[in-house]
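Dear colleague,

Please find the structure below. My notes on it follow, and I would be grateful if you would read them beside the coordinates.

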Amino acid sequence: MRALSTRTFSTVFAAAKAAGLSYKAIASATGIKADRVSQIAHGNASITSIDIIERVADGLRIPGHMLGLAKRSWEGKATTDPPTAKEAEPMQRRQLLRGALTAGLAASSLTPITDVLTAASQTLTDTDVPDLAHLQAVTEQHSYGYGGRAPADVLVDLVADFADVTPLMRRPQRTATRTELCRIMGQLGGMVGVVLHDLSDRRNAYAWFDTAARAAEEAGDRHLHTWIIARKAMVPINFGAPVAAVDLAERARHTAGTADSAAATLAAAVAARAYALAGRSEDAQDALRDADRLADALPGEERADTWFGHCEQKHGVHLSHALTTLGLTRRANEVQEHALNLSSPTSTLTRTLLRLDAAACRHHDGNTLEACEAAVDALTDAPARFRTGLAHRRATDLHNRVPAKLRNAPPARALAAALAV
């Protein structure tokens, strides 16, 4: 009240600012230039003109008697129409200001103004900041693959961790935080798709890859987006739809751009497999050469032995399948032997698939019964939980190629029995 009665407008404007009105808003309401409002608020300028004092009273809706003026024309006048929500907000702020000023700016009367400031401060503070470091660590742990664990067990943990990220995406987040959450969601969702593919659940694998791809795209992570599309292309590769696989693999290669990356290398290797299965030998061999070129040029960090990296052993797995499909058995066998030597004993699924490729090579070379025996050995050497899904599918493909005249031979019957189990 004292600030008003003495027309100390530095205090008046400072209080208005604290109540949530910017200097620009005060300037607009009073007709005073914004830079002059700032000067007045900081005590570097003053107001002495009655005309300007009246404009301040009218603009900030300060009753005339508080400033030693006659009753203002708007005082006590009923408004014909209720204010809109947009109009009501500044009016409410002015009411807060008037109440604070009337009370003489005592500390106890500043609660409404302090509340405005507190609310503003809270909007600038994340009250529910995700623990990104923890989520990143969890994602990295998953990226090292099965580690001897059953795919179904890995799937449970992946889905549970993915579920922890989902509610965080529904809450307001800073741009950088949301971007990283999208990347984590893309990585976890993509790995869920990989495991579902390995378990032969192609329908759900497709759905998870689609969601993961959208997350990677929102994150602006081209390499992750490429990796997800390339992994999705492996679903039709292993379930009898090579033309669809070619389309997806080429989309992945286009998404990858020109950079040398693990994802680009994977896309080229998957394209080679798809072309081979589609009977397009020349395209397959072109893609193989491209995959080899990219693999040789990869920087060290891109060669990590993770699902997102492209290590030498993983490269061999893709080459093995492509070369086996093309019937280039001598080179395929060399690649298989090298990849097996590189793989760890806990890489059960990888080792089983390489051995099944080697069995398929024997069939290509005309040794079908030997191929059946090798396939049975590969299946029975793997724990029961690894004989389902992709491994079962690969062995079934071999059994389906056994000529009718050999189906009753003991090795062929043994393979049929192993598959039945």
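Leaving aside its neighbours within four places in sequence, which residues is Leu67 in contact with? Before I answer, a word on the basis of these notes. This is a predicted model, in which local features need pLDDT of at least 70 and side-chain atom pairs count only at pLDDT 80 or more, while totals for chains, interfaces and linings use all residues. Residues are numbered from 1 along each chain as its sequence is written, and side-chain values use heavy atoms, with hydrogens and water left out.

Leu67 is in contact (heavy atoms within 4.5 Å) with Leu4, Arg7, Phe9, Ile53, Ala57 and Ile62, its neighbours within four places in sequence being set aside. Leu67 is found in the loop between helix 5 (50-59) and helix 6 (85-102); helices (H or I, at least four residues) and strands (E, at least two) are DSSP runs, numbered from the N terminus. With a relative accessibility of 1%, Leu67 counts as buried; buried means under 20% relative accessible area, exposed over 50% and partly exposed in between, with a 1.4 Å probe and protein chains only. Ser5 lies 62 residues from Leu67 along the chain, and their C-alpha atoms are separated by 5.3 Å.

For the chain as a whole, there are 21 helices and 0 strands. Of the 421 residues, 45% are buried. Contacts between residues at least 6 apart in sequence join residues at least 24 apart in 63% of cases.

The mean pLDDT (the predictor's confidence in each residue, from 0 to 100) is 86, and 86% of the residues reach 70 or more. Over residues 105-110 the pLDDT is below 50, and this stretch has 7 contacts in the model beyond near neighbours in sequence. Where pLDDT is low, the predicted coordinates should not be read in detail.

Two helix pairs deserve a description. Axes are lines fitted to C-alpha atoms, for helices over the stretch in contact, and angles run from 0 to 180 degrees between N-to-C directions. The axes of helix 10 (residues 175-198) and helix 11 (residues 202-219) come within 7 Å and cross at roughly 160°. The two are therefore roughly antiparallel, a term for angles over 145 degrees; those under 35 count as roughly parallel, 65 to 115 as roughly perpendicular and the rest as oblique. The crossing of helix 10 and helix 11 is left-handed, meaning that the near helix is turned anticlockwise from the far one by less than a right angle. The residues of this contact divide into 12 nonpolar, 7 polar and 3 charged; Ala, Val, Leu, Ile, Met, Phe, Trp, Tyr, Cys and Pro count as nonpolar, Asp, Glu, Lys and Arg as charged, and the others, Gly among them, as polar.

Helix 15 (residues 281-297) and helix 16 (residues 312-326) pack at about 160°, with axes 11 Å apart, which makes helix 15 roughly antiparallel to helix 16. Helix 15 also passes helix 16 in a left-handed crossing.

Finally, Thr329 is in helix 17 (residues 329-342) and counts as buried at 10% relative accessibility. Beyond neighbours within four places in sequence, Thr329 is in contact with Cys361, His364 and Asp365. Asp365 is found in the loop between helix 18 (348-364) and helix 19 (368-381), and is partly exposed at 45%.

With kind regards
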